[in-house]
Amino acid sequence: MSTETAATAAGSGRSATETFQKKVREGGAAVDHARVDAIAKDALSALHDVIRKHKPSYAEYDALKAWMIQVGEDGEWPLFLDVFIEHVVEDTVNADRKGATGSIEGPYYVPDAPEFTSEGTLPMREDEAGTPFLFQGTVTDLDGNPLEGALVDFWQADDAGFYSQFAPGLPEWNLRGVCRTGADGTFKIHTIKPAPYMIPHDGATGAFIEAAGWHPWRPAHLHLKVSAPGKQLITSQLYFEGGEYVADDVAQAVKPNLVLHPTPAESGSGEQVTYDFALDPA
Ligand code: DHB
Ligand code: FE
């Protein structure tokens with residue numbers, strides 16, 4: 001068994017929890033009591049209605065408590081929330097944007113990846129498996145004017161569905177990088193196509209999915225954060241036409257205009273696609 005396939009839910013869960021706690025320490029929001037009152041009241045009341053509807057037994061109530069304790073012990077709250085909740089938060093937060101479409105961030109973003117300008121190859125192993133893939137496009141404002149110095153912060157799973165820094169045995173920045181656009185606003189990122197991603201199934205989130213008889217898969221996807229001075233940062237994901245689970249993402253984070261239609265690469269090796277980002281003003 002390779003070290004990569006030895007990735008466990010507890011391992012990636014712990015890393016995802018630590019990464020999230022670091023992010024919150026660096027920029028937490030102040031408590032707004034009126035907001036907490038309004039949201040907590042509605043959330044609890046929605047849950048009370050579910051109980052009245054389904055009439056769980058005490059055994060079922062205790063199973064819920066035991067499971068919630070386990071999610072914490074496995075460090076899986078970031079994974080669980082990003083799979084089952086985040087897509088609605090993302091949709092409502094970004095509802096008024098006119099530019100590029102967003103999608104969930106998920107638990108595996110790490111800031112400060114290696115940077116290159118205009119065109120570059122993501123850090124990868126010499127024998128990195130997977131179809132070579134050129135992801136290119138232009139970052140513009142809403143009027144289509146190219147933005148110089150925009151950042152395309154890009155991360156993805158490898159050809160086995162694993163993320164560097166969250167699965168063991170991968171180089172630190174494998175398949176993570178930031179492309180800074182040149183004067184014409186364009187970026188060219190050379191990478192490989194990722195594999196579909198399976199939610200770790202040996203922890204509490206996997207137990208939940210299995211208990212419900214669902215499947216634990218997300219379609220193959222690319223993650224990005226695109227930003228430029230004076231513009232709103234957009235966090236998104238892109239998927240591949242015809243890919244497994246595109247129509248059945250466990251995280252419900254696919255939107256029609258986030259599905260790429262790659263073509264054979266002009267270089268003769270692998271595939272390529274052009275996808276542009278228009279950024280809303282800040
Ligand atoms: C999760 C993983 C992802 O790669 C993603 O994009 C969203 C969620 C998760 O395991 O929670
Ligand atoms: Fe992902």
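**The iron site**

The model on the screen is a predicted one. To see the residues behind this pattern, select Tyr163, His221 and His223, the protein donors of the iron ion. Display their side chains and look for the donor atoms: OH in Tyr163, and NE2 in both His221 and His223. These atoms lie 2.0 to 2.1 Å from the iron ion.

Are His221 and His223 buried or exposed? A residue counts as buried when its relative accessible area is under 20%. His221 has a relative accessibility of 3%, and therefore it is buried. His223 is likewise buried, because its relative accessible area is 3%.

**The annotated segment**

Now select residues 135-163, which an unreviewed UniProt entry annotates as "domain: Intradiol ring-cleavage dioxygenases". Colour this segment by secondary structure: the chain here is 45% strand and 0% helix.

**The largest pocket**

Proceed to the largest pocket, which has a volume of about 1,200 Å³. Select Leu47, Val50, Leu64, Trp67 and Phe208, for these are the closest to its centre among the 27 residues of the lining. Then show the helices α2 (33-54), α3 (58-73), α4 (77-84) and α6 (204-212), each of which supplies at least two lining residues. Which helix gives the most to this lining? That helix is α3, with 8 residues. Colouring the lining by residue class gives 22 nonpolar, 3 polar and 2 charged residues.

**The second largest pocket**

Finally, turn to the second largest pocket, with a volume of about 860 Å³. Its lining consists of 30 residues, and those nearest the centre are Phe20, Lys23, Asp82, Glu105 and Gly106. Select α1 (9-25), α4 and α5 (86-93), which each supply at least two residues of the lining. The largest share comes from α1, which provides 6 residues.

Note on methods. Residues numbered from 1 in each chain as written. Chains lettered and ligands numbered in written order. Predicted model: local features only at pLDDT ≥ 70, side-chain atom pairs only at ≥ 80, totals over all residues. Heavy atoms only, no water. 1 Å grid on protein atoms, 1.4 Å probe; cavity = no way out; pocket = protein on both sides within 12 Å on 5 of 7 lines; lining within 4 Å. Points joined across faces, edges and corners; volume = space filled by probe spheres on them. Helix = DSSP H or I, 4+ residues; strand = E, 2+ residues; numbered from the N terminus. Nonpolar A, V, L, I, M, F, W, Y, C, P; charged D, E, K, R; others polar. UniProt positions renumbered as here; feature names shortened; annotations may be inferred. Donors = N, O, S within 2.8 Å, 3.2 Å for Na, K, Ca; no water. Buried < 20%, exposed > 50% of the residue type's maximum accessible area, 1.4 Å probe, protein only.
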